[in-house]
Amino acid sequence: MTPLDSGLPPIWESAGFVAGFVLSLLIFIFIVRDSALVRGAQYLLVGVTLAYTVVLVWSNVLWPRLIGPLIDNPALPSGEVTAILWSNWIPLAGGILLWLAGIGQMRRRRTSGGGGWLRAPAALLLALLVGVGLGSGIAGAVQGTLWPQVRRAMGEGDLLAAPPALLLSGLLTLLVTGGALIHLQAAAGAEQRLPFPLRPLLLGWAWLGERALWLAAGVIFARLFASRVTLLIARVDALLFDQRAAEMWRTLLSLVGGG
Amino acid sequence: MASTFGCPHCGKSNPLHATFCGSCGVYLQGIDASAFGRQDDTEQAESPPPAQPPPPSGDPTQSQPWLRPDFDPPDPPPATSVSTADQPWLQPEETSEAEETPPVLRPQRLIGGLQGLIEPLSIPAGEPPPAPAGALPTALPDEMQRLLRAGFAGDVPMHDEFAQASAPPDKLPARDRGLERHSWIYVLLLAGLLFGLWADNAPADSSAHAWPGVDAAFTAIESLPPASVVLINWAYDPAFAGEMDQTSLPVLEHLLRRELRLVVVSQLPGGPATARRMLTAADTGAPVTRQLDAAPVEAGYLPGGISALPLLGEAPARTLPTDIQGRAVGNRQAISALRTDSPALLLIVAGQAEDVQRWLEQVQPLTDAPLVAVTAAGADPPLRPYVDSGQITGIVSGYAGGIAYQQRMGDVITSARQETRRRQMSGQNWAMIVLVLVVVAGNLTALFEGRES
């Protein structure tokens, strides 16, 4: 046994396979018709996933990182009080506040009114969370996408001295990107505001951008669809041809045949 | 009274007086709500909403009124009336009554992270309810644009969305009919892939066509010094297992054989268990998996979404205090090494491009470690610019990428795995053949029908 082994007896592995088999069949009923069986399987999936998430968050996050340290050391000696205040007590208070505000919001939806005094502090906390998330996202987009991509484009060197294939690729990228932007943002509704000499050129550019946009959508969708077909094939293969499935089918057939 | 109307940009239901869409953030003031599926909670049951002429085809000023030359921005609304679909604490008291049953088009909030869910609907008893009048945008281009956005977002539109986009409102299919409307397409597709699986007629020596990046990924792992620390972001759960298991398995086998120190972290609830299952499957008996102290560190579930990633990039040892079973991992060798050194390699095993992009933006710039991505086939195209710019050192994408990586390792694949792989390739080939035939037939039909009309 290695540290990676689950330690579960083999019967549980088989039970998991059979449960997955039955639930897959239930979900596949959607191909024919939506029904209570399909929905039941989906709701089971949602419920089990949420329950698993609750257990995971408790065992991986709340207990080892928040509750456990607070029980062990509710207040450290002077000098470290500030640290435990910021890393444990304030997150705990904020979490409880958001939880109570959420419960209050649900109750207000049912009883239409009352008890909204928690909204203001909860909104502040929420604004902090959203702000931090947005700030991280924007900073990351600049440092991880925008700047490296611009730097790479600028680092190609003298454009006119570039190999013909690279030059053509760059020009095509510029043409299609500009055309798509004009089509999406300006051309159809604001052509009257375009300067007249440029209007036919920009409209033609937008026409090209529109077609390029749909072509790109087709290519991306085809790749996406192929990916989903792969998932379907893997599931069907597991249901019909996998070694354990084959054994199960043989057993079922022998039972049906009385053998 | 009137409560909601559909956003002209994304279709999400919004309060009638919302300034911005709660889903996509588009500016909603000054828009004629009745043209975009306005729903009156009290009036709808008594009388149907008045028929509105569809907005002019292709006229974006319907959805973007600020493009009109005569557009006059309205006065800013009170702070409390900002659309708060995802921020219930910001909602004013008076809106809570009016928003009791907003139509849900997609799984939201708590179950939003679950992959592959169909739309959460109640099962009606008896006859299916009539389609809500005026609930759908009547302009075909707007609806098609929404489907286009869904496709770009990696969200396969369901067949009834296509049907609703192209059918007149009085012929909309009931939403509980599953795939009945175009069932022949799905029956053909299923028949094709079943035939492929059954016939198993892919050549025994067939090789996969992998996109560039597999060799570079192999070289990046092969060139790591022994006992280097590899920080792995496990970003797929069982929903993508069918494709991702086959793709990630050879890479994991390679990592274990090289006896590298692996630190596995996941931001998906189902990620840690999936990672453990795959690490067990990839365990080829290398000494590194034989003792706890040197075994891969399953650092478990990392909460916090995008906000937690910068800390992971700066101080991974502080971010990962426990493993999947709640045991402290701070003293394990791999984590201890991360206290003083950056990881030698970042490995992202992800079903979707966004997860790779997050690490490229939040973690990699703080560590300067090379990054190798193992992704689903659908995630490959959006990541190509990062490969070209050198931010992604190597990429193994899709089923074909996994096979190519295994072949690059020069392994003799076990006969059972080889048989499975060949069978699934055969199914994939036949499914694609059927799909191409369906697309050609559909286009020819549309062409001839268009000429006749």
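Select E259(B) to begin: this residue is partly exposed, with a relative accessible area of 36%; buried means under 20% relative accessible area, exposed over 50%, and partly exposed in between (1.4 Å probe, protein chains only). E259(B) lies in the loop between α6 (241-257) and β5 (261-266) of chain B, and has a positive phi of about 55° although it is not a glycine. Helices (H or I, at least four residues) and strands (E, at least two) are DSSP runs, numbered from the N terminus.

The model on display is predicted: local features need pLDDT of at least 70, side-chain atom pairs count only at pLDDT 80 or more, and totals for chains, interfaces and linings use all residues. Residues are numbered from 1 along each chain as its sequence is written, chains are lettered from A and ligands numbered from 1 in the order in which they are written, and side-chain values use heavy atoms, with hydrogens and water left out.

Select D368(B) next. This residue sits in the loop between α12 (364-367) and β8 of chain B. D368(B) is exposed, at a relative accessible area of 69%, and its phi is positive, about 65°, although it is not a glycine.

Proceed to strand β8 (residues 371-375) of chain B. Of its 5 residues, 5 are buried, so β8(B) is largely enclosed by the rest of the structure. L371(B), A373(B) and T375(B) point one way, while V372(B) and V374(B) point the other. In a regular strand the side chains alternate between the two faces of the sheet.

Strand β7 (residues 345-350) of chain B pairs with β8(B) in the parallel sense over 5 bridges, and L346(B) has L371(B) as its bridge partner. Strand β9 (residues 394-397) of chain B also runs parallel to β8(B), joined by 4 bridges; here V372(B) stands opposite G394(B).

Colour chain B by pLDDT, the predictor's confidence in each residue, from 0 to 100. The chain averages 69.

Finally, turn to chain A and select helix α7 (residues 199-240) and helix α8 (residues 243-256), which pack at an angle of about 45° with their axes 6 Å apart. A238(A), L239(A) and L240(A) in α7(A) meet A245(A), A246(A) and W249(A) in α8(A), where contact means heavy atoms within 4.5 Å.

Definitions and conventions:
Axes are lines fitted to C-alpha atoms, for helices over the stretch in contact, and angles run from 0 to 180 degrees between N-to-C directions. Two strands pair if DSSP finds at least two bridges between them.
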